Amino acid sequence: MRCMRLALCVALTALMIGCGQPLVRPTAFEWNLALDLKTAQITEGTLFYAVAGEGPPVLLLHGFGGQIWVWEKQVPSLSKRYRLYIPDLLGNGYSDRPKVEYTPALFIDSIKQFMDLAGIKRASLIGNSMGGGIAWAFALTHPDRVEKLILIDSIPPDVVPEIRNPSFRRFFAIRNLPLLPQLGVALHTRGMLRATLMEMVFDDRLITDAVVERQYLIGRIAGTAWVVTSTARHAEEVKHYAGALGALAKPTLIVWGEHDEVFPVSVGKKLHTLIKGSELLVIKGSGHMPMWERPVEVNRAILEFLGR
């Protein structure tokens with residue numbers, strides 16, 4: 001019993017040290033100084049978001065553990081025709097990290113609250129990975145608020161069994177154990193993070209020191225370990241929304257990286273089959289984030305689809 005208490009103390013100390021930096025929101029991003037950075041106060045806390053461009057509203061939703069920067073290569077192109085709203089999802093990036101359960105329902109409701117506060121009655125939603133799952137589940141829950149959907153390497157209804165990359169499989173295997181998954185997040189080194197990010201892309205050279213550092217610093221913010229672990233524990237609840245996917249009556253474009261190590265192309269094809277009338281575009285030379293890895297092709301496809 002004494003050994004167990006000692007181990008618990010060590011684990012908790014590591015958590016506090018590893019993920020205990022205060023949340024300090026930037027006033028500008030070095031990768032795009034022109035972005036207008038704002039906050040919105042929803043019931044659960046403060047959402048941090050970026051705005052760019054003028055025109056019909058488009059929301060861009062990042063994936064598991066992601067943040068605004070994953071859309072950096074969409075802003076210059078898409079903002080010429082659309083009003084882009086790019087939030088850090090609750091618990092992620094520079095948004096607040098309240099100690100709540102991070103369920104799909106929470107993310108869906110937080111997006112609705114955000115749209116209400118921003119005065120967005122109806123928008124097109126673009127989501128990558130987990131953000132794609134939030135997008136299609138939101139469209140099923142609030143169809144009157146959605147114009148079109150673009151799902152980029154989106155999570156499928158049966159998310160956990162479909163995961164293929166080693167780092168995610170290891171983490172999701174321990175997600176329901178006490179303390180261990182939070183400890184894993186707290187002790188994540190830059191080297192470990194680099195390896196995970198390299199699983200997200202086809203061209204490893206894109207994972208520079210600067211990219212690693214921007215993601216690493218976000219992961220050190222206090223509360224991150226809880227958010228990541230809670231999100232993983234509730235990931236399978238997205239299947240509760242999937243029964244209505246066949247009736248989704250929104251124009252939907254599915255974009256998939258040919259070499260996605262997280263969810264292979266076969267997952268995108270299943271989603272394409274489930275969503276009647278959807279279109280599927282496979283991007284060559286790309287992994288799990290084709291919008292970041294192959295922005296020219298993806299931006300062209302997005303603009304063509306939204307412009308119809």
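User: What makes Leu 84 the partner of Val 58 in β4?
Analyst: A bridge joins Val 58 to Leu 84 in β4. Three bridges join β3 to β4, and the two run parallel. Strands pair if DSSP finds at least two bridges between them, so β3 and β4 count as paired. Strands here are DSSP runs of E, at least two residues long, and helices are runs of H or I, at least four, both numbered from the N terminus.

User: What is the model, and how are its residues numbered?
Analyst: It is a predicted model, where local features need pLDDT of at least 70, side-chain atom pairs count only at pLDDT 80 or more, and totals for chains, interfaces and linings use all residues. Residues are numbered from 1 along each chain as its sequence is written, and side-chain values use heavy atoms, with hydrogens and water left out.

User: Which other strand does Val 58 bridge to, and in which sense do the strands pair?
Analyst: Val 58 has Ser 124 as its bridge partner in β5. Strands β3 (57–61) and β5 (123–128) pair in the parallel sense over four bridges.

User: Why is β4 called largely enclosed?
Analyst: Four of the five residues of β4 (83–87) are buried, so the rest of the structure largely encloses the strand. Buried means under 20% relative accessible area, exposed over 50%, and partly exposed in between (1.4 Å probe, protein chains only). On another pairing of β4, four bridges join β2 (45–52) to it, running antiparallel. Tyr 49 has Pro 87 as its bridge partner there.

User: Why do β1 and β8 count as edge strands?
Analyst: The open sheet has eight strands in the order β1-β2-β4-β3-β5-β6-β7-β8, with mixed pairing. β1 (36–42) and β8 (279–283) each have a single partner strand, so one side of each lacks a neighbour in the sheet. Neighbouring strands are turned by 25 degrees against each other on average, direction ignored.

User: What makes α11 a helix that packs on the sheet?
Analyst: Helix α11 (265–274) touches β6 (146–152), β7 (252–257) and β8. Contact means heavy atoms within 4.5 Å. The direction of α11 makes about 170 degrees with that of β7. Axes are lines fitted to C-alpha atoms, for helices over the stretch in contact, and angles run from 0 to 180 degrees between N-to-C directions. Helix α13 (295–306) also packs on the sheet, touching β3, β5, β6, β7 and β8. Its direction makes about 160 degrees with that of β6.

User: How do you know that Asp 116 and Arg 145 form a salt bridge?
Analyst: Their closest N and O atoms are 3.0 Å apart. A salt bridge needs a side-chain nitrogen of Lys or Arg within 4 Å of a carboxyl oxygen of Asp or Glu, so the pair qualifies. Asp 116 lies in α3 (104–118), and Arg 145 in the loop between α4 (130–141) and β6, 29 residues apart.
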